[in-house]
Amino acid sequence: MAYMATDSTDIDRMPRGGPDASCLDRLLETDRLEYLDRDDVDDSTKRQVIGALDWTGRFFKNHQRFAAIALDLVADVPDPRILELGAGHGGVSRQLLADHPSAHVTVTDLDPESVARIAAGDLGSHPRAEVRQMDATAIDAADGSYDLVLFALSFHHLPPAQAAQVFAEGTRVADTLLIIDLPRPPAPLHLLRLATMLPAALVLPFAHDGVISSLRSYSPSALRALARHADPSIEVTLRNGLSLPQIVIARRAR
Ligand SMILES: C[S@@+](CC[C@H](N)C(=O)[O-])C[C@H]1O[C@@H](n2cnc3c(N)ncnc32)[C@H](O)[C@@H]1O
């Protein structure tokens, strides 16, 4: 039976395209995992994907763009406390620290190898950074510990029930939760995007994960449904465009 918008007990059956997804959109998703999420993939493949993400983030200035979006949300806070979840390579946290003279950044990821690599680099000894392992679905911090939580290019990794948990946890520990992720285009355009990515996905681990990311990306209506499922008091503002990342700003009504 198709997922219905009223069914709040079985959020995991919601399509990535949202409760109102078209038939074609419902076909454009997968349960297949990215290399980054698999235990049967060797570390060098994962390192290759994370390295490519960092390189593209620097080359296309995504790290700068993401840091600017985050810092804009704490522009009124003198010494903002920022938690980055799913930091991967730490490039966005590094940019946050470079672009704000007094921000404190807690740099985290679920993957212990990524955390160890980040801690062994410059962020490990940065006076305004702390590097820790952390699960975005069960944040190890007291309520209101941060001004902002940032989760960039990672939200689609999580199935709906866990994704909803990120809304609950992020808005519990911070005033504002900022999710930046791949946009989910309307189905015909999505099909076109996938077709252009597929040849590279057969040979490049980064492109392989890119195709799966695209199939697992959440639509605006799915994002609203996830936030509502987490807590109806969570207010969500969405900003997106076809070539822009999907930006989600979530806050609890206080
Ligand atoms: C595609 S990478 C994104 C890296 C980086 N944020 C960026 O902007 O390039 C996704 C990251 O999410 C992390 N991740 C997956 N599930 C997570 C979870 N439940 N909690 C925290 N991080 C998670 C992965 O370990 C991986 O490092």
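Two strands count as a pair if DSSP finds at least two bridges between them. Keep that in mind as you work through this predicted model.

**Exercise 1. Work out which strands pair with strand 7, and in which direction they run.**

Step 1: Start with strand 5 (residues 174-181). Five bridges tie it to strand 7 (residues 246-252). The cut-off is at least two bridges, so strands 5 and 7 pair up, and they run antiparallel.

Step 2: Pick out a residue there. Ile-179 sits opposite Val-248 of strand 7.

Step 3: Now try strand 6 (residues 234-239). Six bridges link strand 6 to strand 7, again antiparallel. Here Ile-234 has Arg-252 in strand 7 as its bridge partner.

**Exercise 2. Decide whether Met-197 is buried, exposed or partly exposed, and find what it touches.**

Step 1: Locate it. Met-197 belongs to helix 7, which covers residues 187-201.

Step 2: Count neighbours. Met-197 has 16 C-beta neighbours inside 10 Å. Buried needs 20 or more and exposed needs 12 or fewer, so Met-197 comes out as partly exposed.

Step 3: Skip the neighbours within four places in sequence. Met-197 is then in contact with Ala-207, Gly-210, Val-211 and Ser-214.

Step 4: Leu-24 is 173 residues from Met-197 in sequence, and their C-alpha atoms are 18 Å apart.

**Exercise 3. Describe the residues around the ligand.**

Step 1: There are 20 of them, and Gly-86, Gly-88, Leu-110, Ala-136 and Ser-154 come nearest.

Step 2: Sort the shell by class. You get 10 nonpolar residues, seven polar ones and three charged ones.

Definitions and conventions. Residues numbered from 1 in each chain as written. Predicted model: local features only at pLDDT ≥ 70, side-chain atom pairs only at ≥ 80, totals over all residues. Helix = DSSP H or I, 4+ residues; strand = E, 2+ residues; numbered from the N terminus. Contact = placed C-beta atoms within 7 Å. Near = placed C-beta within 6 Å. Nonpolar A, V, L, I, M, F, W, Y, C, P; charged D, E, K, R; others polar.
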